[in-house]
Structure formats: C-alpha cells, structure tokens
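Notebook open, model loaded. I want the overall fold first in mind, then the ligand surroundings.

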Amino acid sequence: MFPKQVSIFEVGARDGLQNEKTVSTQDKIILIQDLAKAGIKRIEAASLVSPKWVPQMADSGEVLRNIKREADVTYSALTPNLKGLELALDAKADEVAIFGAASESFSQRNINCSIQESIVRFKPLMERAKAENIRVRGYVSCVLGCPYEGEIDVNEVARVSEILYKMGCYEISLGDTIGVGTPNNARKMVQAVSQVVPVDKLALHFHDTYGQALANILACLETGVSVVDSSVAGLGGCPYAKGASGNLATEDLVYMLHGLGIDTGIDLTLLAQAGNKISQALGRQTGSKVAQALLS
Ligand code: HMG
Ligand code: MG
C-alpha cells in the first residue's frame, strides 16, 4: 500500500547547487521563490558550512535574508556545528539539519571527524536549537554504500539513525549519497531502520547516480515512508563519481507520484519552469527527463 500523500523536501538549492558551478545569489533567490510558487512547502535553502570546504554555499546567509518568504513554507539550512546553527539563527532559517554518516571514512572526509566525534559536536547544537525552539532534521549519509568503504552494514545505518533521533531530530533522512542502491536493498535498509525509528519519522534521500532512485523510492514507499528528498532539474553532480549525474530530479519524482495517484500539492509545469530557469543560469540542460518532455 502506498501513502495517499507524499511530502517532498526540495534540496536543489543546497544539495544541488553545492555541486554545481557557482551561480549568483540572485539566481538562488529566484529559484527558491519559484519553488515555493510551484507549491513546494519544504525547501532546503542554504548550507552554513565552512566556505573553504564548499565555496558554492558561501552566500547562504545572504540568500536566507533576501528571499521573499511564504508563510506556509519552511526554509531550512544545513548546519554541521554550533557555529553553523548560530549563522542560521542570525539569518532566520526556519529549521536546520545536522548531517552524519553510517561510514567512518565518509564522516572523516565530509566533516573532518569520526562518527562518534560528530555526535559529540552535535550535542551543543541540539541543546541550543531546543532553547531557540527550532526544529532539527538529521541526515545519515552512505546508507546503501560508501565511496571509500563499499558496502555498509544496515545495523550501522540503524545505529546512527537511532542516535540522531534520540538526540532530538524530528526526522531522519536516509541518504544514498552515491546512488548505488537497488530496490530490495533499499527496502530492507528502511525496514531495518524502522525497527528503531518510527517509519513516519523517516525520509528517503536517494541520489540518482546509477539511475536507480525512482525504483528505490517506489520500493520504499511500500514500507510506509511518506517523505522524499529530491532536487529540481536534477541539480547536483556527484563529487565521488566524476561525470555522473547526482540528485534525483523533483519533476521526475512528482510525475511518478501523480501517476500513482499520490498527492504532492505541487504544480508540475511551474516546477519544470523553475528547473529550466536555474539550468539556463548554469548554462546547461535540465537533468529532468519529465521537464525535457513537458517543455520541449
Ligand atoms: P574543520 O576544518 O574540522 O573545522 O571543518 P574547524 O572547527 O577546525 O574550523 C575550521 C575553519 O572553518 C575555521 O575558520 C572556522 O571558523 C570555520 P578559520 O579560523 O580557519 O578561518 N568554520 C565555519 N565557517 C562557517 N560555517 C561553519 C563553520 N564551522 C567552522 N559552520 C566542518 C569542520 C564541519 C566545518 C567542515 O568539515 C565543513 O564545513 N564540512 C561541510 C562539508 C559539506 O558541506 N558537505 C556537503 C554537505 S553533506 C551532503 O551533501 C550529504 C547529504 O546531502 C546527505 C547525502 O546525500 O548523503 C546531506
Ligand atoms: Mg545528498
């Protein structure tokens, strides 16, 4: 049984643009406003990480400060530590997200510390967020494979997910960071995590590097998950697989969900237009097959 509704968490302006060539602050603002006009209610708009690590996101504070906000839309920001949270609070992010991994090597390369050290680092952030009454989402990367370690034990995915949930994250987003998963493995992984985190607190964050994301999502929707992350126009490359496509295009996801009779509240044509506009700013074609078909 599929859910009647799916909530889409749009990550194009963050996960997408962090892996593209830098676009102007104004282009980012237009993209975020266009996404809201298309009916998206949850938008990851910024990443308050070190600009030395991710220069594409260096203007995140400015983006958050200058978007024209819709009252019913949540604008969120990625925050690796307390400093990131403080910057997010200054720029009035509605919610933030911490990000850990189920792979030690990935944790080291991505946030420069072990899994255990990352948990310690998240604690003061969680306390401050609670005091400020701001919700925190938790990402777990490498849930279906790691670029350095290969296969990842589902028990480790469940362990890290449970820690982040028990620390107070309101939702755990399960990231197939390099898009290597296939449907049976993906479903089994979600079933394992849902033994320790309620399934209605889980989200799917599947990259499309190997073209498997839609199939994996379809398999996992049967487990009761009803939140899916995706990126308009398939924005985002994959830094671990040169030349490969990165994120799943939101347009393709919405098309599949609507075809299944699942409500998203999103206007597909407006969404595809938003994706084409940012693709033009990047000087490339949209990565969404649906947008290519719809707007050709
Ligand atoms: P570090 O070098 O170990 O940190 O980096 P540090 O505390 O030693 O600080 C070093 C410098 O960074 C200092 O500046 C700090 O002030 C500054 P300096 O004194 O050298 O001038 N700094 C910051 N600046 C701005 N904002 C901050 C911040 N924190 C410290 N928040 C750190 C540790 C975590 C900061 C670094 O490794 C980092 O920024 N990593 C981010 C990497 C990243 O953004 N990766 C992509 C996002 S994750 C992802 O895409 C996966 C996901 O989509 C899910 C999936 O697909 O699996 C979420
Ligand atoms: Mg990602």
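This is a predicted model: local features need pLDDT of at least 70, side-chain atom pairs count only at pLDDT 80 or more; totals for chains, interfaces and linings use all residues.

Ligand shell. Which element gives the largest share of the shell around ligand 1? I find that helix H4 does, with 3 residues. There are 24 residues around ligand 1, and Val49, Gly84, Ser141, Gly175 and Thr177 come nearest. I then looked up the elements that give two or more residues to this shell: H4 (82-90), helix H5 (104-111) and strand S5 (135-141). Sorting the shell by class, I get 12 polar, 10 nonpolar and 2 charged residues.

Overall build. I count 12 helices and 8 strands in the protein. The C-alpha trace spans about 50 × 40 × 35 Å along its principal axes. The radius of gyration is 17 Å, which agrees with a compact globule, because one of 296 residues would come out near 19 Å. I have 51% of the 296 residues down as buried. Of the contacts with a separation of 6 or more, 73% are between residues 24 or more positions apart.

Strand S1. What does S1 (residues 7-10) pair with? I see 4 bridges to strand S8 (residues 227-230), running parallel, and 2 bridges to strand S2 (residues 42-47), also parallel. On the S8 side, Phe9 has Asp229 as its bridge partner. On the S2 side, Glu10 is partnered with Ile43.

How values were computed
Residues are numbered from 1 along each chain as its sequence is written. Chains are lettered from A and ligands numbered from 1 in the order in which they are written. The radius of gyration is taken over C-alpha atoms; the globule rule is 2.2 Å times the number of residues to the power 0.38. A residue is buried if 20 or more other C-beta atoms lie within 10 Å of its own, exposed if 12 or fewer, and partly exposed in between; C-beta atoms are placed from the backbone. Two residues are in contact if their C-beta atoms, placed from the backbone, lie within 7 Å. Two strands pair if DSSP finds at least two bridges between them. A residue is near a molecule or strand if its C-beta atom, placed from the backbone, lies within 6 Å of it. Ala, Val, Leu, Ile, Met, Phe, Trp, Tyr, Cys and Pro count as nonpolar, Asp, Glu, Lys and Arg as charged, and the others, Gly among them, as polar.
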